[in-house]
Amino acid sequence: MTDRPLVRMTGIGKRFGGVHACRDIDLTVTAGEVHALLGENGAGKSTLINVLSGVITEHDGTIEVDGEPVSFAGPADAQRAGIATIHQELDLVAGLSIAENMFLGREPRTRLGTVDIRRMRRQAEAHLRTLGADLDPRRLVGSLRVGEQQLVEIGRALSLRARVLIMDEPTAALADAEVERLFATITELRRAGVGIVYISHRMAEIELIADRVTVLRNGTVAGSVDPRVASRDDIIQLMVGRSVDALFGEGRNEPGAVLLDVRGLAVTPRRPVPGRTEPAGVDLTVRSGEIVGLAGLMGAGRTELLETLFGAGGSGRRAGQVTIGDRPYRPSGPRAALARGVAFVPEDRRGAGLMLEHSVADNVVLSALSSLTTLGLVRRPLLRRTVAEQLTTLAVKAASPSIPVATLSGGNQQKIVFAKQLLMRPRLLLLDEPTRGVDIGAKAEIYHLLHRLADSGMAILLASSELPELLSLCDRVVVLHRGRTVAVLPRASATQQAILAAANGDDVKESR
Ligand SMILES: Nc1ncnc2c1ncn2[C@@H]1O[C@H](COP(=O)(O)OP(=O)(O)OP(=O)(O)O)[C@@H](O)[C@H]1O
Ligand SMILES: [Mg+2]
């Protein structure tokens, strides 16, 4: 490691109207280090790296690269200076292929000056292989799952051969195996002298790969520590200003009757969609008052199962039986699902969960409007109170309920998706990666909330790639492999090893 930093940011400040997103922040990135940037949702992490990556061009303070002051007029300038960025909200073009997305605007050319498609595909394939992603570079990005899109985005950053690589929550949608490969890649890059800025809410990752940790709080630097010296508690203290109690072994009520019963559910699509794993033999039950986890590798079909249960899956021939309460359940669409008391918090908040240009308040109440309406009139005081309650419950950080959702930080957007569904007071709540991108304090809040909801009789079915989350939260864990139920592990026998073995298709003793 050399002493002179690759990048030095000094006195960085950025305001959005009345909100001070960043205030007088100093940050350096040295060659060959992984510099972790931590902080609660809305602390200013993405804003700071948007300044460094040229997305935000008007700000206070200075940036030096290799000791020379620079001023970026846009992201292309930052890339030319050797700074590549994987943003929190992926910006890929759905209608283009993987290869085209990776090399957009800098396609390799033949001697005749036309795009060298074969070379482009070969290079794209090589980058994907580095990441262990088995994807055809010709596939349209729009057909990929969020986790796969994330891999494409990482591949694109690698292809830039940058000297500084910024990753804003790169593992949020990755399964454990992909995370491991990403870390192997990071280790190689670090050895090659690349400086890495790494943002994540997962403390275990930080302990594994960070050489240095800078914590932001309310837009300023709360402290900078050596993760080999500072404990996890020290770091969390810096982040939230208090210690966060983990959620283990809370007293829970006994579960009630079976609410959701799924037997032999299989969907044979009319036209198979590449990359989708439709249910191919799912058996599971969820009692009221119970939290059941869905585990599985990427591509195991967890999202597709939840979508099918919400009436939002692909169309096709169906086999098997699903009942809710005592009645058969086969929703024709989300409306029908909601009418039976089933709500769904999807994985892809930008795509399915939110109207980004609308206000926080509109987003929270719109789908629950009917319950707040008397004879077609919206009861405004009730509406205001309801929104305020939800925002407080989930500790949403928003300047006011009337600002557009698009201006909230990533984790706070996730909380809005959540709030919206809770307002419908469902009997069965389907959740796909509900705490993705949510900070550690808010995560604990959400866990407590889910326990409260379950104790009030709600049935909860929750897919998560974070095994510790499943283990601490769920009464039982259902493991899927290639669209089938391969194991049902009660809390007592569910361990990370048992879940992983089942998820990989190894034989596991079943119990229902
Ligand atoms: N374009 C914008 N317009 C208005 N306010 C914004 C905008 N971008 C960010 N903010 C505000 O700036 C603050 C910091 O947001 P930022 O996205 O940097 O947080 P973060 O630390 O990345 O959080 P998260 O962990 O949730 O991603 C938040 O209060 C956010 O609402
Ligand atoms: Mg962010």
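Let me begin with a term: pLDDT is the predictor's confidence in each residue, on a scale from 0 to 100. I need it because what we are looking at is a predicted model, and among the elements of the protein, strand β17 (residues 373-374) has the lowest mean pLDDT, 54, whereas strand β20 (residues 459-463) has the highest, 97. For the protein as a whole the mean is 87, with 93% of residues reaching 70 or more. Over residues 508-512, however, pLDDT stays under 50, and the model has 16 contacts there beyond four places in sequence. Where pLDDT is low, the predicted coordinates should not be read in detail.

Now to helix α6, residues 176-191. At 1.5 Å a residue its 16 residues should span 22 Å, and the end C-alpha atoms are 23 Å apart, which agrees. Which residues of α6 are buried? They are E178, V179, L182, F183, T185, I186 and L189, and because they cover an arc of only 165° around the axis, they lie on the same side of α6. On the other side, E180, E188 and R191 are exposed. The buried residues of α6 are covered by elements including β3, α4, α5, β7, β8 and α7. Just after the helix, G193 takes a positive phi of about 90°.

Finally, the magnesium ion, ligand 2, is coordinated by S46 through OG and by Q88 through OE1, at 2.0 to 2.2 Å. This pair links distant parts of the chain, 42 residues apart, since S46 sits in helix α1 (residues 45-52) and Q88 in the loop between β6 and α3. Q88 counts as buried because its relative accessibility is 16%, and buried means under 20%.

Technical notes. Residues are numbered from 1 along each chain as its sequence is written. Chains are lettered from A and ligands numbered from 1 in the order in which they are written. This is a predicted model: local features need pLDDT of at least 70, side-chain atom pairs count only at pLDDT 80 or more; totals for chains, interfaces and linings use all residues. Side-chain values use heavy atoms; hydrogens and water are left out. Helices (H or I, at least four residues) and strands (E, at least two) are DSSP runs, numbered from the N terminus. The expected span of a helix is 1.5 Å times one less than its number of residues. Buried means under 20% relative accessible area, exposed over 50%, partly exposed in between (1.4 Å probe, protein chains only). The arc is that of the directions from the helix axis to the C-beta atoms. Contact means heavy atoms within 4.5 Å. Donors are N, O and S atoms within 2.8 Å of the metal (3.2 Å for Na, K and Ca); water is not among the atoms, so sites may look incomplete.
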